[in-house]
Amino acid sequence: MPHSTKNPFAKKQSSLEKKEKTLFSLFAFCTYFIIICASCIFLNIIWNGTPVLMQKGLSFITQKPETLAVLEMAKSDKYQVPSENFNNLLKSNPQEIPIKSLSVSEKQFQFVSFKIKQGSIIGDGYLLNIEKDNPGTHIKFTERKSPKLLGFNLENDKQFTLSKKELSSIQKNDPQLIQSEITEKKLSLNNKKVTIKAGEYPISKEAHDSLLKSDLIFQMKQSFPDDEPDKINLTVIPHDQTITVSSSVFYSAFDDEDASSPLPTTSIENSPFQKTITTFSLPKAHYKVSPETLKILSNHGIKHLHNTDLGSIVINEEIKASLTLDKKAYTQLIKDNPNLVTSDTKEHQESLSYTNFSIEKDCEVQLNASDLDIFSKNPNFKPSSKKTHSYSGGGILGPIIGTACLVIICMVIALFTGIAAATYLNEYARKGTFTKTIRLAMLNLAGVPSIVFGLFGLGLFVMLAPVFSNTPKVESKLHIPIISLGSPPELRTMEAEGIVAVDPDLSTSQAVATASTQGAKKFHNGYYYISFQGWGTCMLAGGFTLAIMVLPVIITSCEESLKAVPMGFREASMALGATKWQSIRTAVLPYAFSGILTASILGITRVAGETAPIMFTAAVAEKSDLPWQGIHSSGFSAFIDFLQQSVQALPYHIFTVAGRIPQSEYTRPMQYGSVLVFMIIVLLLSAVSIYLRNKVRGKIKW
Amino acid sequence: MININNVSFSYDKGKTEVLKNISLDIPEKKVTSFIGPSGCGKSTLLRCINRMNDLVETSMITTGQIDVMGQNINSKEVDPIELRKHIGMVFQKYNPFPKSIYDNVAYGLRIQGIKNKKTLDQAVERSLRGAALWDEVKDRLKDSALGLSGGQQQRLCIARAIAVQPKIILMDEPCSALDPIATAKVEELITELREEFTIVIVTHSMQQASRISDHTAFFYLGELIEYGQTDTIFQNPSKKRTEDYISGRFG
Ligand SMILES: Nc1ncnc2c1ncn2[C@@H]1O[C@H](COP(=O)(O)OP(=O)(O)OP(=O)(O)O)[C@@H](O)[C@H]1O
Ligand SMILES: [Mg+2]
């Protein structure tokens with residue numbers, strides 16, 4: 001072939017080359033853009049999060065979320081606090097605190113350990129104090145009774161101003177109590193007579209509280225939540241009423257100018273009247289009086305821990321545990337509760353090491369709530385300013401545990417139903433329009449925004465799902481009585497949960513009506529019900545919601561892995577005389593396992609990071625107990641109680657710290673710390689998933 | 001042993017027939033081979049005998065009846081699971097489970113609920129010996145079956161099939177994925193197995209059919225063209241088509 005001088009490979013169209021080049025740079029740009037974005041995010045988190053983790057160390061994840069107060073302390077001498085709290089101070093303050101003249105001293109404390117005898121009677125508050133000082137004890141009781149005498153301590157001489165009626169009641173019940181001179185005085189007061197029409201009216205909490213003291217018959221549509229004191233709720237006035245109210249009630253509930261949303265009245269009349277008030281004084285001492293007297297006195301500023309409305313607690317159950325109180329509290333307990341009998345009392349001493357120090361110059365100090373309590377016992381502890389910053393102390397143990405619980409519950413549900421559904425679709429169901437429709441539905445479900453799942457979970461699991469219980473909620477959507485069985489729960493639970501026992505002869509609707517007029521939240525009439533009342537905001541509801549959210553992903557990937565198992569395995573197994581399920585179980589599922597495993601770990605990382613579905617169904621911003629703490633039941637019901645708790649969750653916690661609390665330089669690092677930990681957990685999970693997949697893949701091949 | 005009487009079969013609820021009026025009797029303890037061009041329905045007929053076609057939802061036998069050991073296998077009283085325990089099957093693509101050799105052979109027995117270790121041990125040894133594999137694998141019963149060579153894997157599948165002691169073994173092109181030496185071994189095995197089992201084998205190899213089978217059936221486009229003694233079919237076919245196919249003029 002003759003050699004031609006012309007280059008056959010010469011460039012022909014320079015425009016094409018240009019196009020190539022632009023496309024190349026466009027694609028490259030997109031790639032680099034993604035890489036840069038990703039590294040910016042990661043670097044930002046690592047850059048801001050690492051110092052927090054370095055400073056807090058492991059305690060950042062082994063500690064419950066902590067709220068610190070920032071105090072400005074003046075230079076001052078001689079603080080004395082328990083060494084434990086002093087160490088907490090050092091821990092909470094990474095920066096140097098100017099401390100000098102450190103010394104440690106020992107202090108002796110007297111403690112009394114004792115047992116409570118059966119049949120003892122004790123006031124509510126005292127019981128709670130005992131339980132607080134003896135963690136883990138939970139004393140059940142089944143009866144309340146008003147004993148003849150209750151004790152209280154008056155620390156200073158005190159003057160009382162009572163109405164005549166109150167005084168005569170005291171003189172009747174406790175003739176010996178008042179030794180001092182009694183003076184009388186006449187007052188002219190003005191009551192108001194108001195007429196209110198039947199209807200529904202918005203009222204404030206303040207108006208509601210004052211109306212409780214009046215004779216008005218009314219019912220609230222909703223209750224006032226503790227954390228929203230300014231909320232306005234609807235009240236229902238069933239019929240026209242004319243009542244006489246004191247002026248204080250009048251001004252808070254009916255007066256136009258003052259109350260934020262007053263009740264409308266059709267007529268107001270003055271009804272002046274005369275009132276006699278009496279005055280006397282009691283010297284400081286320890287007194288024993290009748291419950292009636294104590295009730296009157298406590299309306300006038302006496303402090304005690306008895307419950308004069310419901311009566312004292314009768315302890316009928318034998319308490320085996322030995323209880324411990326410090327000696328002062330024990331003496332007070334015995335004095336205030338004349339009907340409390342203790343046995344096996346033993347005194348012992350414990351020494352506690354205290355740290356003495358002084359602060360050299362003015363500085364800023366961070367303290368958590370319980371340490372602050374202890375520090376403020378020092379007489380010279382007078383910070384010039386004090387400001388609390390929510391969650392500025394870090395600690396994410398609660399959220400981590402909560403998320404773990406949610407993920408476990410969710411995965412148990414999702415894997416069980418997901419594998420079952422995938423097996424059904426791939427192995428049993430006829431291939432046809434039915435399976436196609438289901439797949440299409442699932443595809444769409446996977447695209448539903450997660451907040452929709454949250455709302456769905458709220459409607460279905462939190463508010464509607466059925467519960468099997470002998471104490472169903474009054475406001476349940478539907479009560480289906482099943483069997484008559486069992487006794488009511490013990491009184492303490494009844495009181496704590498607002499359960500009212502009603503006559504077993506009443507029909508369900510009558511029982512519900514009776515209980516609701518008594519203001520009950522739940523009722524008991526000896527029947528077990530299937531009650532459509534929802535599970536409440538709890539792990540179970542959250543787990544189910546998350547499970548429904550990941551199910552499409554799980555089912556799709558399980559089906560993929562089932563499809564990947566060669567048909568030959570099924571045929572070989574069937575040809576050997578295996579039933580359908582036998583061949584699925586022994587010749588299909590084991591070989592789909594690696595795919596299912598990967599899918600489920602990917603599902604876990606997705607579920608762990610979701611905020612919206614758990615926001616309404618399971619997560620709370622603040623909870624001091626870990627899920628297994630504070631459960632008093634045993635056996636299966638303890639398991640149910642465990643599942644029926646709300647939890648903190650990591651993504652929700654980050655949302656709270658980053659967006660729902662007031663931001664400051666003390667809280668901001670904590671959100672980065674939480675995010676960093678979260679990211680590490682997710683990365684670890686992914687790594688485990690890849691490792692497991694490779695391992696299982698390596699073992700099984702065909 | 002197997003009496004196929006005027007069977008027509010369709011994969012799509014009778015719209016098109018893959019098998020058309022097939023009748024043949026397969027004698028006991030003999031090797032019968034099915035030959036014919038690809039797509040003529042050999043596998044389909046084979047899978048009718050142990051009702052593996054049940055797995056295809058739209059499949060049905062439109063006419064005729066198949067009797068195995070005197071029982072109509074498509075009658076209501078017949079449980080396909082029980083039927084398959086009596087009719088083993090070996091597939092074209094050897095498909096041992098990704099388990100140990102031992103577990104593969106014991107699979108069928110375990111499915112039937114046999115857990116006794118000794119019974120299983122004996123059955124595994126008997127089956128592996130029966131499949132002429134025992135000497136090759138006796139030291140590595142716990143190793144994965146996937147570590148065996150192709151021929152060994154196919155013989156393992158035969159061992160797996162005979163472990164449940166069926167009366168009949170169906171083989172769908174058992175040697176098509178094997179090299180000549182492995183094929184020879186499997187063929188040898190088949191001639192040995194004839195003593196105990198009734199064997200039906202689908203094959204594309206004329207030589208193989210003539211070497212190992214007592215009877216041969218030639219199918220073409222879903223029809224049974226000719227069926228008889230292997231010698232007769234190969235040396236003296238009565239139909240022109242059979243002769244063309246055997247002599248390699250088409251197919
Ligand atoms: N599961 C099935 N569903 C629908 N049609 C099928 C199915 N299996 C086989 N067929 C059809 O039935 C006909 C016979 O197939 P079959 O597998 O029995 O042929 P074969 O003789 O075994 O061929 P080969 O020698 O290639 O294995 C073919 O036309 C095939 O397309
Ligand atoms: Mg075939």
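Which helix of chain A is A:Asp124 found in? That one opens the first close-up below. A quick word on conventions: this is a predicted model, where local features need pLDDT of at least 70, side-chain atom pairs count only at pLDDT 80 or more, and totals for chains, interfaces and linings use all residues. Residues are numbered from 1 along each chain as its sequence is written, chains are lettered from A and ligands numbered from 1 in the order in which they are written, and side-chain values use heavy atoms, with hydrogens and water left out.

View 1. A:Asp124 sits in helix α4 (residues 124-133) of chain A; helices are DSSP runs of H or I with at least four residues, strands are runs of E with at least two, and both are numbered from the N terminus. A:Asp124 counts as buried because its relative accessible area is 18%, and buried means under 20% (1.4 Å probe, protein chains only). Its side chain makes a polar contact of 2.9 Å with the side chain of A:Arg144 and another of 3.2 Å with that of A:Asn307. A polar contact here is a pair of N or O atoms within 3.5 Å; within protein, one must be able to donate a hydrogen and the other to accept it, and residues adjacent in sequence count only if both atoms are side-chain atoms.

**View 2. A:Pro82 in strand β2.** A:Pro82 belongs to strand β2 of chain A and, at 9% relative accessibility, is buried. Setting aside neighbours within four places in sequence, A:Pro82 is in contact (heavy atoms within 4.5 Å) with A:Leu352, A:Ser353, A:Tyr354, A:Thr355 and A:Ile374.

**View 3. Helix α3 and its cover.** In α3 (residues 83-92) of chain A, the buried residues include A:Phe86 and A:Leu89. Among the elements covering the buried residues of α3(A) are β2 (76-82), β17 (342-359) and α10 (369-375) of chain A.

**View 4. Ligand 1 in chain B.** The surrounding residues, each with a heavy atom within 4 Å, include B:Val18, B:Cys40 and B:Glu173. Helix α1 (residues 42-49) of chain B gives the most to this shell, with 3 residues. An oxygen atom of ligand 1 lies 2.8 Å from an N or O atom in the side chain of B:Lys42, and a polar side-chain atom of B:His204 is 2.7 Å from an oxygen atom of ligand 1. Taken alone, ligand 1 exposes 630 Å², and the protein buries 59% of that (Shrake-Rupley method, 1.4 Å probe).

Definitions and conventions
Buried < 20%, exposed > 50% of the residue type's maximum accessible area, 1.4 Å probe, protein only.
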